[in-house]
Amino acid sequence: MNINATLFVQALSFAFLIWFAVKFIWPPLTRAIEERNKRIADGLAAAEKGKAALVEAERKGEASMKEARDRASGVLTESEKRGTQIVDEARQAAKAEADRIVAGAREQIAAEVAKARTELREQVARLAVAGAEKILQREVDAKAHAEMLNKLKAEL
Amino acid sequence: MAAQGTLTPSDYIAHHLTNLTVKVGEGGFWTLNLDTIIMSWVLGLVGLGGIWLVAKGATAEVPGKLQSFIEMFFEFVDNTVRDVFPGSRAFLGPLAITIFTWVFMMNLMDLIPIDWVATLSHGLGAPAWKAVPSTDLNTTFAMSFSIFFLIIFFSFKAKGAGGFVHELFTAPFGANPLLWIPNLALNIIELLAKPVSLGMRLFGNMYAGELIFMLLGLLGTIASLTFGGLIAGGASAVLTWGWAVFHILIILLQAFIFMVLSVVYIAMAHEHH
C-alpha cells in the first residue's frame, strides 16, 4: 500500500481509458440515441398528422355520403313523379283510344242502321207498288208514279 | 492455505495485503505493483471494451436487450452529469462513464473470494496477487490526482490565467491585500483536499471491505469437525456471504460517488466566484 511508480502507470491508464471513451464510446451512443429520439419525435408528429387527416377524411366522407343520400332521394322523388305522370298519360291515351273506338263503332252502327232503313224503305216501296199492282190489276208505271213513290218512301 | 501448519493469522492477513511487485529502478519508489497494473488494465479493457463493442454497433433501430442496457447506463450517466454541469458533455460525459465503469469493475473484484485468488496465483507461481486494484492507493490517487489536474486545467480554461489567479487570492474572503495570504492558503487546502479525499474515500472503503473479508476468511481457517470449529466455519460462511451482499451496494455506491464528485469538482471549476 505504499505510493510508488505504479501511480504514474495508473494515471496513464486512466488517461488512455478516458481518451478511449471520449473517442469511441460517447459519440456512437449519443448519435444512436439522438437519432432514435428524432425518429420517435418524427413518428409522433406523423401520427398526429395522420390523425388529423383521418378526421378530415371522415368529415369529407360524411359530406359526400350526405350529398349522395340527398341526390338519391331527389332521384327517387323525381322518378315517382315521372312514373305517376307516365301512368296518367297512358291512362289518358287509353281512354282516348277507347272513346275513339266506341265512337267509330257507333258511327258504323248508325251507318248500318241507315243503310238497313234505306233498304227496308225500298223494299216496302216495292211491296207497296207490288200490292198496288195487285189491287189495280195492272202495271203501275214506276216512272209516272215515281214522285208518289218517293213521297211514300220518305214517309216510311 | 489453511492447511499449512506454519501459517499464523498475521501471516494470512499480511499475505493477502501484499502486492506482486517488480523493481524498475533505485529506491523503494521505483517499484511497480504488477498485479494492480495488470488487473486494472484487464478490467478497464473488459469494461470499456464491452461497452465499445455495443456502442460501435448501436443504431437508431429498435435496440436489442444488450444495447438497451448499455443505453440505460449511458443515459443514467448522462443525466447525472447534466444535473451537475449545464455545459457541453462531450468530455465530462465520457469521463464520468470511464470513472464509473472502471471503478465499478475494479471494486467488483472484491467479490471474488480472496482465497480463490490466492490459490490461483500460487498455482500459477506468483508469490502474491491482489486482485482488487482499487485497494491500492496508487490507483485511487492516480485517478483522483488526474481529476485534480483536470480541475486546474478547467479552472484556467473557464476563467483564464488571470481570472484563476485572481480568484485564488481574493476568494472567499475578499480582495483586501491583507486577506490575500489567508485566501490563498484556504484555496490551496481546498484544492488539495478534493483529490486527497476522493482517493482516500475509495481506497478506504475498498481496503476496509477487503480487510473484513480477510478477517471472516481467517475465522474460516479455524473451522474443524469440533463443535466450536463447526460454529466458526458456519459463522465464517454466513457472514462472508452477508458481507458480500452488502458489499454489492458498497462497490456500486463508491463507483457512483467517485463519478459524481469528479464531475461536481470539475463543474465547480467552471463557476466564477
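Let me begin with a helix pair: the axes of α7(B) and α8(B), lines fitted to C-alpha atoms over the stretch in contact, come within 9 Å and cross at roughly 170 degrees, where angles run from 0 to 180 degrees between N-to-C directions. Because angles over 145 degrees count as roughly antiparallel, α7(B) and α8(B) are roughly antiparallel to each other. By class, their contact has 16 nonpolar, eight polar and two charged residues; here Ala, Val, Leu, Ile, Met, Phe, Trp, Tyr, Cys and Pro count as nonpolar, Asp, Glu, Lys and Arg as charged, and the others, Gly among them, as polar.

A word on conventions: this is a predicted model, in which local features need pLDDT of at least 70 and side-chain atom pairs count only at pLDDT 80 or more, while totals for chains, interfaces and linings use all residues. Residues are numbered from 1 along each chain as its sequence is written, and chains are lettered from A and ligands numbered from 1 in the order in which they are written.

Chain B has eight helices and two strands, taken as DSSP runs (H or I, at least four residues, for helices; E, at least two, for strands) and numbered from the N terminus. Of the 273 residues in chain B, 34% are buried, that is, with 20 or more other C-beta atoms, placed from the backbone, within 10 Å of their own.

Turning to the contact between the chains, 39 residues come from chain B and 28 residues from chain A, with two residues in contact if their C-beta atoms lie within 7 Å. On the chain B side, α2(B) gives the most, with ten residues, and by class that side has 24 nonpolar, twelve polar and three charged residues.

Leaving aside residues up to four places away in sequence, B:Ile97 touches A:Ala21, A:Ile25, A:Trp26, B:Phe74 and B:Val77.

Finally, is B:Thr139 buried or exposed? With 31 C-beta neighbours inside 10 Å, B:Thr139 counts as buried, and this residue of helix α6 of chain B has among its contacts, again beyond four places in sequence, A:Gln10, B:Thr36 and B:Met106. B:Thr139 and B:Phe203 are 64 residues apart in sequence and 8.5 Å apart in space, C-alpha to C-alpha.

Conventions. Angles under 35 degrees count as roughly parallel, over 145 as roughly antiparallel, 65 to 115 as roughly perpendicular and the rest as oblique. A residue is buried if 20 or more other C-beta atoms lie within 10 Å of its own, exposed if 12 or fewer, and partly exposed in between; C-beta atoms are placed from the backbone.
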